[in-house]
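Trainee: I have the model open beside its sequence and would like a close look at a single part. Please walk me through the ligand surroundings, and then the helix packing and backbone details that go with them.

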Amino acid sequence: MTSLSQRRYHITTFGCQMNKADSERMAGILEDMGFEWSEDPNNADLILYNTCSIRDNAEQKVYSYLGRQAKRKHEKADLTLIVAGCVAQQEGETLLRRVPELDLVMGPQHANRLKELLESVFDGNQVVATDAVHIIEDITKPRRDSEVTAWVNVIYGCNERCTYCVVPNVRGIEQSRTPEAIRTEIEELGRQGYKEITLLGQNIDAYGRDLPGATPEGRHLNTLTDLLYYVHDVPGIERFRFATSHPRYFTERLIKACAELPKVCEHFHIPFQSGDNELLKAMSRGYTQEKYRRIIDTIRRYMPDASISADAIVGFPGETETQFENTLKLVEDIGFDLLNTAAYSPRPGTPAALWTNQLSEEVKSDRLQRLNHLVNIKAYERSQRYFGRIEEVLVEDQNLKDKTQVMGRTSGNRLTFFAGDINELKGQLVKVKITEIRAFSLTGEPIEVRQAVSV
Ligand code: SAH
Ligand code: SF4
Ligand code: F3S
């Protein structure tokens, strides 16, 4: 008998948290259809690549994975091959010409429609779903990777037009979910025993701009700040995070709310991209480095210990040595807890890719190395404040490198290891005395387990 219930699926996810969240929902849909998870793609009957197009190397990785499975399909004709995510949206039908073995090419806005699209594939069609659509509410239970922390999308898409970035092209315009739908999802997660929620959006502080000003009862729930107040008391949830913030929309009201609401973690991910005003202008970021510094100052005024992380790009077209040094200076002055750095990669369909003042790969990789060197030094300096301190850690998992230890994160998002049994501690908040520090992680000794206050 070859019923659907015996078919196995595998998903490989590239890219950001948005893609990871989409993959979890698509996995939920596949399991609902009777598919079983296969860790090994070579044992799977259905393979889905959820792809990223942010830089060229991310895109190229997809083609090499895909090539291998396309070959396998010649021996296993009933293999179903799917490309989802941002490369699918960017390339659309071109992907079918490049890899004719593909069954389904689907953009990120279609993730929740996977079942319907697959039914068409099983009827014998080759399907491309890349038209702009209203994202339907998910009705399936996602298959989440963690049992402790969960992502909840609050806004899809991006209305910015940063001159280097493919995201607006591949993710479409902003679409906010309603506060009610978001709260309902979080309440369900609370019931299932999840402890930490990360609210997700490419540009999360733009949340609600596309929603009506008030709900029928007259409550104003149309900003991220309002949303935080609205979901903060969901039973069982102990921590909230949100990402990614855009400096253009980051308000003092939001900062105040984070300081006031005890469950909102003191960690802010606010990419600055460059420390030079002319470059920020060329990037169309809509703020100056002075404004960025003021935001960080305000955060530190309300929450002196808050950890700050960001993204930065080096080697943007036309970047001079002096302009690059302005980025170094910003990193030196602010002292980030973590900084994701990247060399500029020209992307199809973006304005900056067409400019003639591109820098050489040598200059870009030299600047990247110099920036990374400074980032490590500063992160190590930032870690020192934890030494000898007692930090609360939410235990997520075993330390894979040392099974006598468990791992979790502090409120400031530092990865922390300590001795303990995962079966007893998973999902617990443990007070840990920090005894060892590294640039991006800590080790400590458990002091006591906090009994959860809310049930
Ligand atoms: N919405 C977020 C970032 C989304 S993309 C924001 O506005 O900050 C994640 C990161 O990838 C960006 O912050 C940027 O640092 C990097 N990135 C985007 N396009 C890039 C490109 N063409 N080359 C190199 N890095 C890029
Ligand atoms: Fe890309 Fe800019 Fe939108 Fe971020 S805000 S996703 S960098 S266009
Ligand atoms: Fe990549 Fe798409 Fe995210 S391009 S970074 S997976 S939005």
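Mentor: We'll start with the domains and ligands, then move to the helices, and end with the backbone.

A word on conventions before we go in. This is a predicted model, in which local features need pLDDT of at least 70 and side-chain atom pairs count only at pLDDT 80 or more, while totals for chains, interfaces and linings use all residues. Residues are numbered from 1 along each chain as its sequence is written, chains are lettered from A and ligands numbered from 1 in the order in which they are written, and side-chain values use heavy atoms, with hydrogens and water left out.

The protein chain is assigned domain 1 (4-129), domain 2 (149-384) and domain 3 (387-450); such bounds come from an automatic or database domain assignment. Between the C-alpha centres of domain 1 and domain 2 there are 28 Å. Where these two meet, 19 residues of domain 1 are in contact with 21 residues of domain 2, contact meaning heavy atoms within 4.5 Å.

Now to ligand 3. Domain 1 and domain 2 both supply residues to its shell, so ligand 3 lies between them. Surrounding ligand 3 are Cys16, Asn19, Cys52, Ser53, Ile54, Cys86, Val167, Arg171 and Gln202; a residue is near a molecule if one of its heavy atoms lies within 4 Å of it. By type, this shell has five nonpolar, three polar and one charged residue. In that scheme Ala, Val, Leu, Ile, Met, Phe, Trp, Tyr, Cys and Pro are nonpolar, Asp, Glu, Lys and Arg are charged, and the others, Gly among them, are polar.

Val167 and Gln202 from that list turn up again around ligand 2. Six residues of the ligand 2 shell are nonpolar, two polar and two charged.

Next, the helices. Helices (H or I, at least four residues) and strands (E, at least two) are DSSP runs, numbered from the N terminus. Helix α1 (residues 17-32) and helix α5 (residues 114-122) have axes that come within 9 Å and cross at roughly 55°. Axes are lines fitted to C-alpha atoms, for helices over the stretch in contact, with angles from 0 to 180 degrees between N-to-C directions. α1 and α5 are therefore oblique to each other; under 35 degrees counts as roughly parallel, over 145 as roughly antiparallel, 65 to 115 as roughly perpendicular, and the rest as oblique.

A cis peptide bond, with omega about 0°, joins alanine 243 and threonine 244, and threonine 244 is found in the loop between β11 (239-243) and α9. Serine 284 has a phi near 60°, a positive value in a residue other than glycine, and lies in the loop between α10 (277-282) and α11. For context, most residues other than glycine have a negative phi, and most peptide bonds are trans.
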